[in-house]
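Open the model in your viewer and keep the sequence beside it. This tour tells you what to select next and what is there.

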Amino acid sequence: MPITSKSQSEAKQKWMKENSKVFGVRVMRNTEGDIFDYLEGKEAATEFKRGIRLLIEKEKEGKK
């Protein structure tokens, strides 16, 4: 649904501030080439989230 008024825009900005956070990651080709190559042609945000979830599960298993 498109935003059609200033109040909708302000409400969306408020919701985003309360419910999300932006994380920026820079991957260096020369020192992190494996990551750089892996992400080439993929949706980076999706892959980072997938990787974090795998790490969370692995850490949970280690605590059992």
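The stops below run from the whole chain to single residues and pairs.

**Before you start**

This is a predicted model, in which local features need pLDDT of at least 70, side-chain atom pairs count only at pLDDT 80 or more, and totals for chains, interfaces and linings use all residues. Residues are numbered from 1 along each chain as its sequence is written, and side-chain values use heavy atoms, with hydrogens and water left out.

**Stop 1: the whole chain**

Show the cartoon. The protein has three helices and zero strands. Read from the N terminus, the order is α-α-α. Here helices (H or I, at least four residues) and strands (E, at least two) are DSSP runs, numbered from the N terminus.

Now look at the extent. Along the principal axes, the C-alpha atoms fill a box of roughly 45 × 35 × 20 Å. The radius of gyration is 18 Å, while a compact globule of 64 residues would have one near 11 Å. That radius is taken over C-alpha atoms, and the globule rule is 2.2 Å times the number of residues to the power 0.38.

**Stop 2: the surface**

Areas come from the Shrake-Rupley method with a 1.4 Å probe; for residues, only the protein chains shown count as cover.

How much of the protein is made up of buried residues? They account for 3% of the 64 residues. Buried means under 20% relative accessible area, exposed over 50%, and partly exposed in between (1.4 Å probe, protein chains only).

Colour by charge. There are 15 positive and 11 negative charges, and their mean positions lie 6 Å apart. Lys and Arg count as positive, Asp and Glu as negative; His and the chain ends are not counted. Each charge is placed at NZ of Lys, CZ of Arg, CG of Asp or CD of Glu.

**Stop 3: a nonpolar patch**

Select V25, I35 and F48. Together they make a nonpolar surface patch of about 250 Å². Patches are made of residues with over 30% relative accessible area and no salt bridge; like charges are joined within 9 Å, nonpolar side chains (Val, Leu, Ile, Met, Phe, Trp, Tyr) within 5 Å.

Stay on F48. This residue sits in helix α3 (residues 44-62). F48 is partly exposed, at 33% relative accessible area.

**Stop 4: salt bridges**

Side chains of opposite charge can pair when their charged atoms come close. The rule asks for a side-chain nitrogen of Lys or Arg within 4 Å of a carboxyl oxygen of Asp or Glu. How many salt bridges does this rule give? The count is four. Three of these pairs follow.

*K6 and E10.* Their closest N and O atoms are 4.0 Å apart. Both residues lie in helix α1, four residues apart, about one turn of the helix. K6 is exposed at 65% relative accessibility. E10 is partly exposed at 44%.

*K14 and E18.* Move along to this pair. The N to O distance in the salt bridge is 3.0 Å. Because K14 and E18 are four residues apart in helix α1, about one helical turn separates them. K14 is exposed, at 53% relative accessible area. E18 is exposed too, at 54%.

*E47 and R50.* Go to helix α3, where both of these residues lie, three residues apart, about one turn of the helix. The closest N and O atoms of their salt bridge are 3.0 Å apart. Is E47 buried or exposed? E47 counts as buried, at 17% relative accessibility. R50 is partly exposed at 44%.

**Stop 5: distances across the model**

Finish with the distance tool, picking C-alpha atoms.

- N19 lies in helix α1 (residues 6-19) and is partly exposed at 46% relative accessible area.
- E18 to E32: 33 Å, for a separation of 14 residues along the chain.
- Q8 to E59: 41 Å in space and 51 residues apart in sequence. Q8 belongs to helix α1 and is partly exposed at 31% relative accessible area.
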